Amino acid sequence: NRINPLDLPKVNDKIKLEETEFGNILLTKISNLLVMFRLMYSSMTDLQEEILSSYIQKAYAGKGISDSTNTNNLTVTDFPTLQDLYDLIERDKEEDLYLYESMQDFHTTLKTYVTGMYSELFNGYTNINIDNELVCYDLKEMSNNEKIQRILFYNILSHTTYEIMSGDRKPSEIFIDEAHVIA
């Protein structure tokens, strides 16, 4: 099962969230993605973060998504994936070597999550349905890998937060066992 880290939340049509309450969905998502990528690549510099931010924006733009896109009209296959982001950085090996050299170490790290041993966890479209009364994520298989657990927890919590904030405003409860992993 996978949650695409680059998914954007849908906003419940019955509830019009004010700009001050939910903010710009795309910019908030990019900010959250940068935190997740710092968990993947802890030695990221401020310069790399700025460059990565522009790559993420290009990945969304490549799918026709901007800060004014109505996410309610999008399906899970309309969002970019980590592969799309990886390919954008890869392209700069030829097109902008200076920019690529700044991102080369991050790009190498990202490859593990795109085509390497963690690709099934993070790369691809979301393939779970959380429109249920109870959703349980079992991360036991990753219990020996604290780094991956942190990234998974962060991705799940980010996605769950978006789902709750854009939902029907009914009371919701989240229970997190082993939350010390991300804390």
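L52 is buried, with a relative accessible area of 0% (buried means under 20% relative accessible area, exposed over 50%, and partly exposed in between, with a 1.4 Å probe and protein chains only). L52 lies in helix α3. Helices here are DSSP runs of H or I with at least four residues, strands are E runs of at least two, and both are numbered from the N terminus. The model is predicted: local features need pLDDT of at least 70, side-chain atom pairs count only at pLDDT 80 or more, and totals for chains, interfaces and linings use all residues. Residues are numbered from 1 along each chain as its sequence is written, and side-chain values use heavy atoms, with hydrogens and water left out.

Neighbours within four places in sequence aside, L52 is in contact with L34, F37, M44, L85, M103 and F106. Contact means heavy atoms within 4.5 Å. L52 and M103 are 51 residues apart along the chain, and their C-alpha atoms are separated by 7.9 Å. I56 touches I30, L33, L34, F37 and L85, with residues up to four places away in sequence not counted.

These contacts lead to the nonpolar core. Such a core is a set of buried Ala, Val, Leu, Ile, Met, Phe, Trp, Tyr and Cys residues joined through side-chain atoms within 4.5 Å. The largest nonpolar core holds 39 residues; F37, L52, I56, Y60, L82, F106 and L110 touch the most other members. Two or more residues of this core come from each of α2, α3 (46–62), α4 (82–95), α5 (97–114) and α7. Helix α2 gives the largest share, 8 residues.

Q48 is placed in helix α3. Q48 is buried, at a relative accessible area of 8%. Beyond its neighbours within four places in sequence, Q48 is in contact with Y41, S43, S102 and M103. S102 belongs to helix α5. S102 is likewise buried, with a relative accessible area of 15%. L47, Q48 and I51 are the residues that S102 touches, not counting those up to four places away in sequence.

The whole structure was then searched for cavities. On a 1 Å grid over the protein atoms alone, a cavity is a set of points where a 1.4 Å probe fits but cannot get out; lining residues have an atom within 4 Å of a point. Grid points are joined across faces, edges and corners, and a volume is the space filled by probe spheres set on the points. The search finds 1 cavity of 30 Å³ or more. The largest cavity has a volume of about 40 Å³. Its lining consists of P5, K29, N32, L33, M36, Y154, N155 and S158. Helices α2 (25–40) and α7 (146–165) each supply at least two of the lining residues. The largest share, 4 residues, comes from α2. The lining divides into 4 nonpolar, 3 polar and 1 charged. Ala, Val, Leu, Ile, Met, Phe, Trp, Tyr, Cys and Pro count here as nonpolar, Asp, Glu, Lys and Arg as charged, and the others, Gly among them, as polar.

The chain as a whole has 7 helices and 0 strands. Its pattern along the sequence is α-α-α-α-α-α-α. Of its 183 residues, 42% are buried. Among contacts with a separation of 6 or more, 70% join residues 24 or more positions apart. The chain exposes about 10,800 Å², of which carbon and sulfur atoms supply 48%. Accessible areas come from the Shrake-Rupley method with a 1.4 Å probe; for residues, only the protein chains shown count as cover.

Technical notes
On a 1 Å grid over the protein atoms alone, a cavity is a set of points where a 1.4 Å probe fits but cannot get out, and a pocket is an open set with protein on both sides within 12 Å along at least five of seven lines; lining residues have an atom within 4 Å of a point.
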